[in-house]
Amino acid sequence: RPHQGLELVIESVPEILRRIPDFKLFIIGSGPEEEKLKRLVERRGLDEFVRFLGFVYDEAKLSAILSQCSVGIAMYAPTAHGLTRYLEPSKVKTYLEHYIPTVVSQVSAIATSHLEKKGVVVCIPYDIDALARTITSLLSNKGLLHQMQDKIASFIDEYSGEKIFQEAFATSVPALKGAS
């Protein structure tokens, strides 16, 4: 769809390739912008480096694809209506549940206010050069990637459904006993 930042991501690939020659970009999903994006990839001569995988219905297949990825990218474009700023970043959640450090545009208030503070995403301006620099920096620094993956594991543990329910029950039981 428009405003998902895929044009910006594709435009950053030549700069990333200068530093990371074996870089590959996998685009998962399908939609009205797909043909336009494929033409952009073709015009830029990036067919060898950008793969369109379409919508992946099978969760196991999606997990297999994501397990081979080092960095997730969610560069939501700033829009006139600004709704993207307040949306739940489900794409980011999918990356994080697969322990993939993620680069996110500063458009998402949720990502910039909470996830970046936890060290599980890197928030950057909606800019080709900033994206290329950040991706090459992350891919060139395996230690930083591993550190972010460790933070993702802690983040997932902290916000697991089991832990949230345990805390809710621990708080509720005394109150319920007093109500009887």
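**Reading the fold**

Author: The chain has 8 helices and 5 strands, where helices (H or I, at least four residues) and strands (E, at least two) are DSSP runs numbered from the N terminus. This is a predicted model, in which local features need pLDDT of at least 70 and side-chain atom pairs count only at pLDDT 80 or more, while totals for chains, interfaces and linings use all residues. Residues are numbered from 1 along each chain as its sequence is written, and side-chain values use heavy atoms, with hydrogens and water left out.

Reader: How many of the residues of the chain count as buried?

Author: Buried means under 20% relative accessible area, exposed over 50%, and partly exposed in between (1.4 Å probe, protein chains only). Of the 180 residues here, 38% count as buried. The accessible surface of the chain, by the Shrake-Rupley method with a 1.4 Å probe, comes to about 10,600 Å², and 54% of this belongs to carbon and sulfur atoms.

Reader: What share of the contacts joins residues 24 or more positions apart?

Author: Contact means heavy atoms within 4.5 Å. Among the contacts in the chain with a separation of 6 or more, 68% are between residues 24 or more positions apart.

Reader: What span does helix α1 reach from its first C-alpha to its last?

Author: The expected span of a helix is 1.5 Å times one less than its number of residues. Helix α1 (residues 6–19) has 14 residues and reaches 20 Å, close to the 20 Å expected.

Reader: Where in α1 does a kink lie?

Author: The bend at a residue is the angle between axes fitted to the seven residues ending there and the seven starting there. In α1 a kink of about 35° lies at V13, shortly before the proline P14. Both V13 and P14 are among the buried residues of α1, which also include L8, V9, I10 and I16. Their cover includes β1 (25–28), α2 (34–43), β2 (50–54), β3 (72–74) and α6 (128–140).

Reader: At what angle do α6 and helix α7 pack?

Author: Two packed helices are described by the angle between their axes and the distance between the axes. The axes are lines fitted to C-alpha atoms, for helices over the stretch in contact, and angles run from 0 to 180 degrees between N-to-C directions. α6 and helix α7 (residues 142–158) pack at about 90°, with their axes 5 Å apart. The two helices are therefore roughly perpendicular, a term for angles of 65 to 115 degrees. At this meeting, L138, L139 and S140 in α6 touch K142, L144, L145 and M148 in α7.

Reader: Is Y76 buried or exposed?

Author: Y76, in the loop between β3 and α4 (90–97), counts as buried because its relative accessibility is 12%. Y76 and H3 are 73 residues apart in sequence, yet 5.9 Å apart in space, C-alpha to C-alpha. Y76 is also in contact with K91, as are Q4, I73 and A74. K91 is placed in helix α4 and, at 22% relative accessibility, counts as partly exposed.

Reader: Which residues does Y99 touch?

Author: Not counting residues up to four places away in sequence, Y99 touches Q149, I152, A153 and I156. Y99 lies in the loop between α4 and β4 (102–105) and has a positive phi of about 60° although it is not a glycine. At 37% relative accessibility, Y99 counts as partly exposed.

Key: Angles under 35 degrees count as roughly parallel, over 145 as roughly antiparallel, 65 to 115 as roughly perpendicular and the rest as oblique.
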